[in-house]
Amino acid sequence: MKIHSFNVQPNLPDNIKFLQELANDMWFTWNWRAILLFVQIDNDLWTASKRNPKWFLGSIPQKRFEELSQDENFVRNLNEVKDAYYKYKNDPHTWYHERKQENGQMLTAYFSMEYGIGEGLPIYSGGLGMLAGDHMKSASDLGMPIIGVGLFYKQGYVRQVLNREGWQNEEYPDNDWAHMPVERVTKDGKDIIIDIHLANETVKACIWRVPVGRTSLFLLDTNLQENTPAQRAITEKLYGGDRENRIRQEVVLGIGGVKALNAMGIYPTVYHINEGHSAFLLFERIIDLMRREKLTFAQAREKVWTTSVFTTHTPVIAGNEHFNPELVRKYMAYYAGEMGLSWDQFLAIGKETPQSATYCMTVVALRLSAFCNGVAKLHGLVSREMWHNLWPELPLKEVPITSITNGVHSASWISHELNELVRRYLFNNDQLSEMDPSVPNLWNNVDNIPNEELWAVHSARKNKLIGMARERVAHQLSRQGFDLLTVKKTNRVLKDGVLTIGFARRFATYKRATLLFKDLNRLDKIVNNPERPVQFVFAGKAHPADTAGKEFIKLIVGLTQNDPRFKNKIVFLEDYNMNVARYMVQGVDIWLNNPIRPMEASGTSGMKAALNGALALSVLDGWWDEVGPCEFGWSIGGPEVYRSDEERDSVESEALYNLIEQEIAPTYYAKEEGKNYSPAWMALMKESIKRIVPFFNTHRMVKEYYQMFYVPAHNYGLGLNEPGKIERIADWHKKIADNWYRVSVTDITPQPENAILMSSQVNFKARVFLGNLLPEDIQVELYLGQRGNRGDILKEAAIPMNCTGKEGDAYIYEVSMAPINSGRQDYALRVLPKNPALPHILTPLFIRWEE
């Protein structure tokens, strides 16, 4: 049977036709007044649409549109949103345009496997996607020239379905592009189709565009009739299929993403790799430069390295993307040949050490990107330790992986009720979506919000959370076939006025969702305290292949359903998604976070909760390590290292119980006479907002990426466009590599005749052999510090030494400095390359210490 299709668009009257434009731009997702328009049209249908305005408008009867066009109040609200939208889109005075720092015209392409921009575009799975979505939104708000590149999944976000025993099963509903805020990218009236070499076949992909305010997200899709069923399935499921389909997805994202941009005539000056999934783009960029600019591999590699940014999100080796080398060979041997590399040369780029058994995408990105970072300060340290093998002779602190701490897009996650208070008392009636939340002084006036009003908003949001929880539990029980009486009893789930603690995240075992349940008798006393009761809301999905994570969910669900001590007082919400997350972070009193330190790279859900006045109860890991211990939240344990997992969990669960019983609950219930809130608790809420919100947001984060990475990457790349410069740098690197074996350094500092006094000058002297290199090719450093336990030196300073002459074939280097500390001082001498035309000289690493 041959089936034909056509699309029917809503026929909107002229005076409300803007609704169609609004529905096709994800800008609405962080603008409450825009969302409210859809709510006013049909609240129930809007909820059923999962906040997908395009599907929503297609489901509204024509008669309702005619009524709305005659509704003066609705038309007035629509026009106000329309004016705000066009003002936003056309405003020439964005943060970026007022503070542009780079030379020429910068454009950053941001590549990510997933994006969490809105429920109506379900192409996200967890924290990585949430961050990517918030990154794009802040880029739009700031006017930053950033575009996104990802994949368009036929079956995006997995739907969690629990059976009666609490075991997680998965469903994969199809995404219907005709009813989603996406549009095919065309040229001369025809779809742009790109070809991607994949093993011994060619796969075709089309491109979808998602408007995100001032910027765009481009998504590749292989679900085309021209492709075979196996090829069409490449973009079927987010993180779906086996290892072979995963590498096929990553080839399409990385290599296909670069090809797609070229096909659209978009030529970014900076490429940002958000996690290692898209690292293959680095090879396609090299191939493209070799073809277009007639460069050698070495020359093209210099340009790609200089203009690439890589963000790692995973603090454990196993969590990074590893492939069997033979599988990589199947899909990447062709591209190695295009670069003129032998297979061994190509393989070496992705192997952590020559002995490594796997090909690691993180290693590829670290080797081919000049700008690398973790997503919190602690995670930066962990990443430097984890990937030290790539720079084995370099002191740990100097491993070129820095950190930029994650944030959240404030306007997307603040409740509209709290946003109204913030607008009135902090922002002179401006909406948060129109403000820059990273301006610190902006939040100082939170103290001006009357306690009664702030608590009323918080209580309203908690009641909405309770209502949502009851509805979802009732739906779950009904679907599972429970009788009507059991379903009706869900109106007893959770209680208003009770201290409510939330825990929601991916159910990976290291996040320890079951830590709270280590001592059930102790938990019973906390939950059922007659004077200070506590209730808990859990949510989260395990990866479909994570059996251990599913066991955690089953344990918690079983306790909530079968143990009368916890029934209705601890609840697990099925099918965690952006909407559930929004209710939870906006409604709980405490946000619980207890991963195994330091395995949480950053975490952002706690930031969203803090934005809404919830207080943190967290292990000192990820972003909270930069805040706690503090006086406006609670930290579980410290940076201690335990002898065993059992000891760690025992100590930290005990600390968790003690904090809830002895500090949190007493503070929450310390209500003064005549007040339904605790003044001490309100003071903590306000202090938390003032201290956390101005820093832990994506406006600040994107600004840091811009200033620390995008600007220098763009400018260095621009400098390489000068005639002959890239060739000279490649030749210089080759000269360094060819001659480094001849470089040596020897200390010839005279022994002091008298005691060295503080503030007196000490002259250090070195003899350096350079082979065919010249002094301008290298830098000699006095590495000053204290001797460490591993035979190394803990650096206090690396002081450049000056070439003062020559003795035969050796160069003499000297420097004078005055010690600022008394006692023993240790130092070493080292030689490094030097080239001011490069962002840094540590990749590839050439370093010579005195032996």
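**Entry 1: the model**

I noted first that this is a predicted model. I kept that in mind for every entry below.

**Entry 2: helices α11 and α12**

I began with helix α11, residues 281–292, and helix α12, residues 297–306. At what angle do α11 and α12 pack? I found an angle of about 125°, with the axes 9 Å apart. Angles from 65 to 115 degrees count as roughly perpendicular and those over 145 as roughly antiparallel, so this angle falls under oblique. That makes α11 oblique to α12. I then checked the handedness, and the crossing of α11 and α12 is right-handed.

Next I listed the residues that meet. From α11 they are L282, R285, I286, L289 and M290. From α12 they are F297, A300, R301, K303 and V304. I sorted this contact by class and got seven nonpolar residues, three charged ones and no polar ones.

**Entry 3: helices α21 and α25**

I moved on to helix α21, residues 520–527, and helix α25, residues 645–668. Their axes are 10 Å apart, and the packing angle is about 15°. Angles under 35 degrees count as roughly parallel. So α21 is roughly parallel to α25. The crossing of α21 and α25 is left-handed.

Which residues make the contact between α21 and α25? On the α21 side I wrote down R522, K525 and I526. On the α25 side I wrote down E654, Y657, N658, I660 and E661. By class, the contact of α21 with α25 has four charged residues, three nonpolar and one polar.

**Entry 4: helices α25 and α26**

I stayed with α25 and looked at its packing with helix α26, residues 679–692. Are these two helices roughly parallel or roughly perpendicular? The angle is about 105°, and the axes are 7 Å apart. α25 and α26 are therefore roughly perpendicular to each other.

Here α25 brings I664, T667 and Y668 to the contact. α26 brings A680, W681 and L684. I counted classes again: five residues are nonpolar, one is polar and none is charged.

**Entry 5: a salt bridge**

How many salt bridges does the structure hold? It holds 43. I picked one of them to follow, the pair E417 and R461. Their closest N and O atoms are 3.1 Å apart. E417 sits in helix α18, residues 416–425, and R461 in helix α19, residues 451–479, so the pair ties together parts that are 44 residues apart in sequence.

Strand β24 covers residues 762–769 and strand β28 covers residues 810–817. Eight bridges join β24 and β28 in the antiparallel sense. As an example, K765 has E814 in β28 as its bridge partner.

**Entry 6: the sheet with β26, β25, β29 and β30**

A further open sheet of four strands runs in the order β26-β25-β29-β30, with antiparallel pairing. Its edge strands are β26 (793–800) and β30 (848–849), each pairing on one side only.

I then followed strand β25, residues 778–787, and strand β29, residues 826–833. They run antiparallel and share eight bridges. For Y783, I found A828 in β29 as the bridge partner.

**Entry 7: backbone details**

Last, I looked at the backbone in some loops. The peptide bond from R597 to P598 is cis, with omega near 5°. P598 lies in the loop between β20 (590–593) and α24 (605–611).

G628 and P629 are also joined by a cis peptide bond, with omega about -10°. I placed P629 in the loop between β21 (615–619) and β22 (634–636).

K50 belongs to the loop between α3 (43–48) and α4 (53–58).

Conventions: Residues numbered from 1 in each chain as written. Predicted model: local features only at pLDDT ≥ 70, side-chain atom pairs only at ≥ 80, totals over all residues. Heavy atoms only, no water. Pairing = 2+ DSSP bridges. Axes fitted to C-alpha atoms, helices over the stretch in contact; angles between N-to-C directions. Left-handed = near helix turned anticlockwise from the far one by under 90°. Contact = heavy atoms within 4.5 Å. Nonpolar A, V, L, I, M, F, W, Y, C, P; charged D, E, K, R; others polar. Salt bridge = Lys/Arg side-chain N within 4 Å of Asp/Glu carboxyl O.
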